[in-house]
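Please read it alongside the coordinates.

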Amino acid sequence: MSERKLLKSGEFLVNEIDANDIFIPEEFNEEQRMIAQTCRDFMDAEVFPRLNDIDKGDRELMRSILQKSGELGMLGIAVPEQYNGFGQNFVTQMLVAETAGAGYSFSVAYMCHCGIGTMPILYYGNEEQRQKYVSRLATGELIGSYCLTEPGAGSDANSGKTTAKLSEDGKYYILNGQKMWITNAGFADTQVVFAKVDNDRVLSAFIVESKWPGVVIGPDEHKMGIKGSSTAQIYYNDVKVPVENMLGNRGEGFRIALSILHMGRMKLGANVIGAAKETITQSVQYANERKQFNTKIANFGAIKHKLAEMVIRAYAHESAIYRVSQDIDDLIERYKAEGCEYGRAAIDAISHYAVEDAILKVNGSEMLDFVVDEGVQIHGGMGYSAEMNVERGYRDSRINRIFEGTNEINRLLVIDTALKRSLKGDYDLMGPAEQLYNSLDSIVAEAGSSDYYDQKMQTIRNFKKVALLGIYGANKAFGKQLATEQEVQNNLSNIIMDLYVAESLALRVKKLESMGHQNINIYKDIVDVFVYDAASRIRKNATDASNSFAAEPELSKLTAAIDRLCKVPSVNVKDARRCIADKLIEDNEYKF
């Protein structure tokens, strides 16, 4: 089998790949499907029947459920076998993250433990630390947490005030400070804590055990959602941390924190798919049961529109998630072949795709917010009742736009990281952008051949040209000051996000058809509607950005070019959405 073509992070802006070079969810193997089913069976047995009890905030109940999942092997999916795990690849990890995403508060506690609570020690710890902690975190003997945020240090993580001072005998670091919004705080055994040693400019990281003297756990916060997740402040009062519990090297904490955030964003992007599919299933089942005006509300066009749009956004996002997940797996294998140790190979590969993980964190969290909002609306008054899980899902969803770096921060990262990668030489972004910008008068929207997929890919190429025009024009106008023009950066990031998801979706459906998938026209309807709507969004963002940096007569030329590039064939979106909704209604669950 030939090696897949692998694009670097952000390179999709100037290059493209064939549908055969991407991974799609329909290619999950039998073992992956069995692992996901085991996870779902566990939630059916241990989580869903106890949602009301979990949401009362019983710390011991959540801890016991996590431990049971550990006995089943769910906590060790990403952990190598030598540390009591299953050593599954990144695609499988993402599939488990998706499956667990349907579990409301349990999902938050689970993902915290498996991800930011365990992976920093696996990826950056030495062998002794891995044997001592990771091997027990993988089984649920220990429960993990991650302590970065402070009252004065949220998005600006490196401004934290927690300190670590080496003791006179050189055996301990004396830890003092405060952390807040710590998931699993109330029952975690281990904490990955970030602090500054002496007068260091950057953070260091430490493995702290909750039972040590001086570690004080505050009461759980009262939150809008994820009420079953223990979220509390932690205080450190002269805590003696053995020097051998420093994680990585002194001053490496900020790098560790950023790398782990990349991983957290990516897995959150998968997590929200499970929550979205659960909400869509609840919504269509309710729509098939609820009658008004002597007919099921699922028969109404307005409800079909909502159901279809929920499916379109979830399916498109899922396409992008598994595309980049396989890219990460391929890069991990490449790094390992070059002699890189597994832990560092994994985190370096995940961190490499910083553009994509920021895209998918933002797109996924906003996709889920849309889905749960429409889910409540389809349920009507019952959707506002605490008796329905759709109400719980609505409240729980909102945190995802704040978790793992706010969406505002991540939008800035999309464009900033893409520019930095190109300047570093990963690919030439500004060269093609300048050439395109200098030929504004001659830009035309190429239509492609009569082939369906060639037409769609040509449309997406046109979207990429819009992104390049915006990037070059903004850089020419603002230079280094672009970093302060956050509104323009947001416009550019929105364009990039839309075209990446659109491309991933079109490639998925093209590959699906090549595999002989039945009823392919439904999936083409999804592509048609998404690309049609994306064109309007891209045109709006590009025009807004252009109005912010260009002046006449250049502005008129730029606007005309954007209009030409964003022109797409007409789509009967009413009929397309009805076809999508009719399949969902017939299946009575999300089976796309």
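The model is predicted, so local features need pLDDT of at least 70 and side-chain atom pairs count only at pLDDT 80 or more, while totals for chains, interfaces and linings use all residues. Residues are numbered from 1 along each chain as its sequence is written, and side-chain values use heavy atoms, with hydrogens and water left out.

**Helix packing**

- Helix 9 (residues 301-337) packs against helix 16 (residues 486-514) at an angle of about 85°, and their axes are 8 Å apart. (Helices are DSSP runs of H or I with at least four residues, strands are runs of E with at least two, and both are numbered from the N terminus; axes are lines fitted to C-alpha atoms, for helices over the stretch in contact, and angles run from 0 to 180 degrees between N-to-C directions.)
- Helix 9 is therefore roughly perpendicular to helix 16 (65 to 115 degrees).
- Residues in the contact (heavy atoms within 4.5 Å) include Tyr 315, His 317 and Arg 323 of helix 9 and Tyr 500, Glu 503 and Arg 508 of helix 16.

**Strand pairing**

- Strand 2 (residues 163-166) and strand 3 (residues 172-183) run antiparallel and are joined by 4 bridges (two strands pair if DSSP finds at least two bridges between them).
- Lys 165 has Ile 174 of strand 3 as its bridge partner.
- The hairpin of strand 2 and strand 3 has 5 residues between the strands, and Gly 170 there takes a positive phi near 75°.
- Strand 2 runs parallel to strand 4 (residues 190-197), with 2 bridges joining them.
- Thr 163 has Lys 196 of strand 4 as its bridge partner.

Definitions and conventions:
Angles under 35 degrees count as roughly parallel, over 145 as roughly antiparallel, 65 to 115 as roughly perpendicular and the rest as oblique.
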